[in-house]
Amino acid sequence: KPLSDSGSKDVVELFHSIETATIGHWRLFGFCHRGIRAMQTGVRAVGTAVTVAIPGADSTLLHHAIDQLRPGDFLVVDRLGDDRHACWGGGVSSAAMARGIAGAVVDGPVTDISEINKLELPMWARGVSPITTRIYDLGGRMNVPVNIGGAVVVPGDLILADESGVLVIPADEAEDEGKKAFEFQQRGLETERRLRAGELMIGNLQNVNEMVLNGQKKGDC
């Protein structure tokens with residue numbers, strides 16, 4: 001079911017404490033290319049995907065999409081291969097924040113980074129550019145499946161993004177993945193506590209010390 005259905009707020013709230021790298025321990029799909037990175041440090045955001053695909057130098061549909069946002073939406077912008085024009089800047093950020101946006105990811109450059117950061121808008125992009133888009137009304141698509149850094153995003157998917165990257169999780173898989181990740185992190189905290197206390201050696205956690213020593217005995221190391 002889409003995250004906009006009842007009960008989704010609990011799922012989204014669960015992901016606020018989860019890191020993308022936690023899920024990266026077992027999940028292989030849904031991660032955007034690492035070239036799409038956080039424009040701030042120490043940032044994390046989670047929300048429901050709203051998708052836009054806009055061509056080249058035109059951002060007409062993006063401005064329309066901003067006006068349709070609901071609080072907690074995560075706007076995902078497919079630039080259809082354009083890496084020259086910045087479709088997102090300070091003005092768009094102000095409008096998006098007024099709508100209660102959870103965050104935004106642009107598969108291309110943005111501009112006005114200082115303004116974006118001043119507004120505290122969680123933003124992920126491929127970098128910056130001083131060349132901006134225009135209102136040309138060349139078309140585009142909204143709330144259709146898009147490709148963001150090699151990851152398919154369907155409207156209603158859960159977007160989890162932090163300093164490590166951007167992860168897309170289908171809505172019907174989000175609750176199970178969230179619970180699994182939370183439990184994984186809790187176990188990790190306990191392991192860290194025991195390591196600090198000197199109870200464990202990191203090489204013993206996955207039997208790597210034993211593997212290395214056995215290899216030395218066999219002459220493999």
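What follows is a short chat about the domains and a few loop residues of this predicted model.

Colleague: Which domains does the domain assignment give, and how many Å apart are their C-alpha centres?

Modeller: The chain is assigned a domain 1, running over 6-172, and a domain 2, running over 180-220.

Colleague: How many residues of each domain are in contact, and what area do domain 1 and domain 2 bury between them?

Modeller: On the domain 1 side, eight residues are in contact with five residues of domain 2. The size of an interface is often given as the accessible area lost when the parts come together. Of the area buried here, 73% is on carbon and sulfur atoms. The total between domain 1 and domain 2 is about 590 Å².

Colleague: What kinds of residues make up the side of domain 1 that touches domain 2?

Modeller: That side of domain 1 divides into four nonpolar, three polar and one charged.

Colleague: How many salt bridges and how many residue pairs in polar contact are there between the two domains?

Modeller: For salt bridges between domain 1 and domain 2, the count is zero. For polar contact across that interface, with both residues at pLDDT 80 or more, the number of residue pairs is three.

Colleague: Let's move on to a loop. Is T111 buried or exposed?

Modeller: T111 sits in the loop between β4 (103-106) and α5 (113-118). Its relative accessible area is 14%, and the cut-off is under 20%, so T111 is buried.

Colleague: What does T111 touch, and which residue's backbone oxygen lies 3.2 Å from a polar atom of its side chain?

Modeller: Leaving aside neighbours within four places in sequence, the contacts of T111 include A86, W88, G89, G90, I116, P130 and T132. S129 is also in contact with T111. The backbone oxygen lying 3.2 Å from a polar atom of the T111 side chain belongs to S129.

Colleague: What about D112: where is it, and what is its phi?

Modeller: D112 is in the loop between β4 and α5. With 33% relative accessibility, D112 counts as partly exposed. Most residues other than glycine have a negative phi. D112 isn't a glycine, yet its phi is positive, near 60 degrees.

Colleague: And E120: is it buried or exposed?

Modeller: E120 is found in the loop between α5 and β5 (123-125). E120 has a positive phi of about 60 degrees, although it is not a glycine. The relative accessible area of E120 is 63%, and the cut-off is over 50%, so E120 is exposed.

Technical notes: Residues numbered from 1 in each chain as written. Predicted model: local features only at pLDDT ≥ 70, side-chain atom pairs only at ≥ 80, totals over all residues. Heavy atoms only, no water. Domains from an automatic or database assignment. Contact = heavy atoms within 4.5 Å. Buried area = accessible area lost by both parts, 1.4 Å probe. Salt bridge = Lys/Arg side-chain N within 4 Å of Asp/Glu carboxyl O. Polar contact = N/O pair within 3.5 Å; in protein donor to acceptor, adjacent residues only side chain to side chain. Nonpolar A, V, L, I, M, F, W, Y, C, P; charged D, E, K, R; others polar. Helix = DSSP H or I, 4+ residues; strand = E, 2+ residues; numbered from the N terminus. Buried < 20%, exposed > 50% of the residue type's maximum accessible area, 1.4 Å probe, protein only.
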